[in-house]
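User: I have a structure to go through with you. Could we take it one region at a time?

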Amino acid sequence: NYKTLFFIISIFIVSHSAHSQSGWFWLNPLPQGNSLNSIKFVNSQKGFAVGNVGTIMRTNNAGENWSVFNTGFTNDLYSLDFTDESTLYSCGSGGIILKTTNSGISWNRISSGTTDNLFFIFFSDINIGYICGQEGRILKTTDEGKSWINQNTGLLNTLKGIYFFDTEKGFVCGLGIIMKTTNGGNNWMVNNYSSNFNAITFINDQTGFVAGGLNFRELRKTT
């Protein structure tokens, strides 16, 4: 009867699929199932997202479809930034820093000199970039990410967000702290708070916002 025929056909399809594929493939949700932590668009169509277990994805059509890259890394990736449409950087757990110069087709690991988790990356121009993370860690590059120098903050606060207006003036926020530099991170002015901040941004040279606080529900503004 038709039930028996349907069962036989189903077994054939499953058996054929099992023999025609060499491994297991993620089906739901598509295109992958790892947590995503950061997203950036380099233009109106091309964007990238990074996440846990080394996940890096790219869209070329404004997010309608996404391709998943096999980076070969399993570190969680927390942040990414770009200096042009083909050159991107990402940072994450275990001190990992990755760079691509071909729009994500291949990624190379760059030595960070630390195993601390690195939570945010920000480039102020093509050469100069900053990374912040655990234990008050701030790293700076002046050579397109080829090498990273540790900036001694003297702090142990976990740092989570960065914003720079130019190569000299910038802010970093984190657990109970907002910091400001006017000389490219050589010195930092520290303001302590009872709240923890996870992100910082400015809409002009005077007006800025930080987000975080108790249960991640707090916004603060500076003018």
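User: Which residues does threonine 100 touch, not counting those up to four places away in sequence?

Analyst: Threonine 100 touches Ser86, Thr87, Leu88, Ile105, Ser106 and Trp107 on that count. Please bear in mind that this is a predicted model.

User: Where is threonine 100 placed, and is threonine 100 buried or exposed?

Analyst: Threonine 100 is in strand S7, which covers residues 97-100. The residue is buried, because its relative accessible area is 1%, which is under the 20% limit.

User: What polar partners does the side chain of threonine 100 have?

Analyst: The side chain of threonine 100 makes a polar contact of 2.8 Å with the side chain of asparagine 102.

User: Which residues lie on each side of S10?

Analyst: Gly129, Ile131 and Gly133 are on one side, with Tyr130 and Cys132 on the other. Both faces of S10 are covered. As background, side chains in a regular strand alternate between the two faces of the sheet.

User: What joins S9 to S10?

Analyst: Strand S9 (residues 118-123) is joined to S10 by 5 bridges, and the two run antiparallel. A hairpin through 5 residues connects S9 to S10. Within this pairing, isoleucine 121 stands opposite isoleucine 131 in S10.

User: And how do S10 and S11 pair?

Analyst: S10 and strand S11 (residues 138-141) pair in the antiparallel sense over 4 bridges. Cysteine 132 stands opposite isoleucine 138 in S11. The hairpin of S10 and S11 has 4 residues between the strands, and glutamate 135 takes a positive phi near 55 degrees there.

User: Next topic, the nonpolar cores. Which residues have the most contacts inside the largest one?

Analyst: The largest nonpolar core has 13 residues, and those with the most contacts inside it are Ile138, Leu159, Ile162, Val172 and Met179. S10, S13 and S14 each supply at least two residues of this core.

User: What does valine 172 contact, leaving aside its neighbours within four places in sequence?

Analyst: Valine 172 is in contact with Cys132, Ile138, Leu159, Gly161, Ile162, Ile177, Ile178, Met179 and Trp188. Another core, of 11 residues, lies apart from the largest one and has Val42, Ile56, Leu77 and Ile96 among its members.

User: What is the strand order in the open sheet of 5 strands?

Analyst: The order is S13-S14-S15-S16-S17, with antiparallel pairing. Strand S13 (159-164) and strand S17 (218-222) are the edge strands, each pairing on one side only. Neighbouring strands of this sheet are turned by 45 degrees against each other on average, direction ignored.

User: Over how many bridges do S13 and S14 pair?

Analyst: S13 and strand S14 (residues 170-181) pair in the antiparallel sense over 5 bridges. Phenylalanine 164 stands opposite glycine 170 in S14.

User: Now the aromatics. How many aromatic pairs are there in the whole structure?

Analyst: A search of the whole structure finds 14 aromatic pairs. In one of them, the rings of phenylalanine 41 and tryptophan 66 have their centres 6.4 Å apart and their planes at 80 degrees, so the pair is edge-to-face. Phenylalanine 41 lies in strand S1 (residues 36-41), and tryptophan 66 lies 25 residues apart from it, in the loop between strand S3 (56-59) and strand S4 (67-69). Phenylalanine 41 is partly exposed at 34% relative accessible area, and tryptophan 66 is partly exposed at 23%.

User: Why is the pair of phenylalanine 164 and tryptophan 188 edge-to-face?

Analyst: The pair is edge-to-face because the ring planes stand at 90 degrees, with the centres 6.4 Å apart; the class requires an angle over 60 degrees. Phenylalanine 164 is in strand S13, and tryptophan 188 is in the loop between S14 and strand S15 (189-202), 24 residues apart.

User: Are those two residues buried or exposed?

Analyst: Phenylalanine 164 is buried, with a relative accessible area of 3%, and tryptophan 188 counts as buried at 15%.

User: Which aromatic cluster includes Phe164 and Trp188?

Analyst: Phe164 and Trp188 belong to one aromatic cluster together with Phe122, Tyr130, Tyr163, Phe165, Phe171 and Phe202.

Methods:
Residues numbered from 1 in each chain as written. Predicted model: local features only at pLDDT ≥ 70, side-chain atom pairs only at ≥ 80, totals over all residues. Heavy atoms only, no water. Buried < 20%, exposed > 50% of the residue type's maximum accessible area, 1.4 Å probe, protein only. Polar contact = N/O pair within 3.5 Å; in protein donor to acceptor, adjacent residues only side chain to side chain. Contact = heavy atoms within 4.5 Å. Pairing = 2+ DSSP bridges. Axes fitted to C-alpha atoms, helices over the stretch in contact; angles between N-to-C directions. Core = buried A, V, L, I, M, F, W, Y, C linked by side-chain atoms within 4.5 Å. Phe/Tyr/Trp six-rings, centres within 6.5 Å; stacked < 30°, edge-to-face > 60°.
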